[in-house]
Amino acid sequence: MKICVLVKEVPDAAVTKRIDPATGRLDRSGEKNLNPYDTHAIEAAMQLKEGGQLQVDEIVAITMGPESAVRALHKAVSLGADRSVHLTDEALAGSDVAATGYALAQTLKRENPDLVLLGQQSDDGECYTIGAVVADHLQAPSLTQVISIEVDGDVLRCERQAEYGYDTVEVELPAVISVGDAINEPRYPSLKAIMGAKKKPLETLSAADAGIDLSRVGAAGSQVECGSFKAPPAKAAGTIIEDEDTNETVEKIVAWLDERKLI
Amino acid sequence: MDFDLPDGHELLRRTVREFAEGEVAPVAEALDREKRFPYEIVRRMGELGWMGIPFPEEVGGAGGDTLAYALAVEELARVDSSVAITMCAHTSLGTQPIYLFGTDEQKAQWLPDLTSGRRLGAFGLTEPEAGSDAGNVRTRARLEDGEWVIDGAKQFITNAGTDISGLVCITARTGEDEISNLIVPNGTPGYEQGEPYRKMGWNASDTRPLTFTGCRVPEANLLGPRGNGFKQFLHILDIGRIGVAAMGVGLAQGALDQALAYAKQRRAFGRPISSFQAIQAKLADMSAEIEAARLLVYKAARLKDAGRPFTLTAAQAKLKTGRLAVRCAEEAVQIHGGYGYIEEYPVCRFYRDAKILTIGEGTDEVQQMVIARALGA
């Protein structure tokens, strides 16, 4: 079987994120890295392959992004993916979540995978939704926020993190599964794996190569329009109550909370 | 000119950084306090190929180059110098002599275990009366019935006394005006490792005096041609300087990162101390000096990888970075104020770890000698 892992290049966690006021998009000019959640998805794929219960013939890392995103793919293959696909096209710039999901789904259709894995969220946009959008386009079942995958015959038994506790869900393949960071502890790539990463096949696709309808992608093809952005309001200075008489202080605190309908 | 690291090197740098922050940082304080050798970290670094970075795959190495090695050392030293020097001394002092000067048999016997980190290599050069004057070797080795019989003592030797130490490569006088290198495996009768030193820093690294008393090794343990020992160790030290210089940059960067983070969070007079010019000037100076030093280290590594002469640049890098590490550690402690004098904060350890960088692997004064000689002074 074939597993495709969707990965994304994001601003490094150490970089302070800001919106570029000129474009209304996230400023991605600083140091970048492979989205940390995606490393868990690759590790999940590797564990399925190494677990031996499924015959995993190939793990393919796929990304959509500018030229620099090739580095995220290098990291993905150094972590164990067998090859990678880079969808890159000026026409894709500015795509919103729905457009990105459509473009990735078109790319996935060329690969026809049995299982699609991805991180449940990106460290920059944090939409949590790409998996569901991709699954919709592929007409495959979608599971999100999965923190455990077990192979049981032809089905995968997954635990997904729910608001209260966990849901245990069985899913037949093909399926699209987004994973949380609690699912595993990603390995560090060895130096040999890093050196070998550049030797693994890398396919570069344009939007046309992937059969993408240009009217459905890019800023123009996106439904989401960014209006204005502003920084969250600075916190107002707090109220300091000097504790001179404790009974009085308690009364003051209760009155303060009551005023704000907090109690 | 291209100042960007190649993709693979950049990925290695990030990986070592993630490892250092994720696996080393949480235990660094305890290892230092308990003077405990980092066996588990060394084992994992071995699995990742980091205990044999600049050696080709044919001999079990990771097939990297000197730049990759320097980057890894730098990122380790940014978090912990004990772990960095363990890897650094093992690679450029312990393994390099066998890789460069060993016979096919010696390489086959030792390199797979060394480059994988299963065993550690050590280099025994310094003696009580042979430090900067390293040619003044008193340890003697005489041939007797097809064996070298070694008598003498070495001191300040890294990696010789751990549970996984495999060998020490020593310089010994094999004739009146003749120095040769000999391989002495751990466990050889007559070869003993003394108690670890009580050091100012590098507390989790293994440093001991060694004694050789009628210690016999096979004649075939001679490393390279007899009498080449002096030339050989000068070359080894040249290479080693790149690693130690990378440690200086790493420690300085770590000190800056710690100081910056602290300055942004620490408030005085109603605002973060990072908003005060006096603190900003320190941070800015550190940053500018570190970047200059880093370029010098990478240049030395690049020259070596290109097969060009690197002795001068390596000595310049070593001189520059040792002093830089000491100064940055001091400034970082200063920025931390009283907290910088308390062991819970890493800069306190950095301050103690930094000083050896102006002494070990050739003192600043030796670097100045090397540089002045290259200038034709």
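Is Ala293(B) buried or exposed? In this predicted model, where local features need pLDDT of at least 70, side-chain atom pairs count only at pLDDT 80 or more, and totals for chains, interfaces and linings use all residues, Ala293(B) is buried, with a relative accessible area of 0%. Here buried means under 20% relative accessible area, found with a 1.4 Å probe on protein chains only. Residues are numbered from 1 along each chain as its sequence is written, and chains are lettered from A in the order in which they are written.

Ala293(B) lies in helix H7 of chain B, residues 277–305; a helix is a DSSP run (H or I) of at least four residues, numbered from the N terminus. Leaving out residues up to four places away in sequence, Ala293(B) touches Val249(B), Lys320(B), Thr321(B) and Leu324(B), where contact means heavy atoms within 4.5 Å.

Now let us turn to where the two chains meet.

| Feature of the interface of chain B and chain A | Value |
|---|---|
| Residues in contact from chain B | 24 residues |
| Residues in contact from chain A | 17 residues |
| Area buried | about 1,700 Å² |
| Salt bridges | 5 salt bridges |

Buried area is the accessible area (1.4 Å probe) that two parts lose on being put together, summed over both. Carbon and sulfur atoms give 56% of it. Asp7(B), Leu11(B) and Arg14(B) supply 35% of the area that chain B buries against chain A.

One of the salt bridges joins the side chains of Arg71(A) and Asp7(B), at 3.0 Å from N to O. The rule asks for a side-chain nitrogen of Lys or Arg within 4 Å of a carboxyl oxygen of Asp or Glu.

Definitions and conventions:
Side-chain values use heavy atoms; hydrogens and water are left out. Helices (H or I, at least four residues) and strands (E, at least two) are DSSP runs, numbered from the N terminus. Buried means under 20% relative accessible area, exposed over 50%, partly exposed in between (1.4 Å probe, protein chains only).
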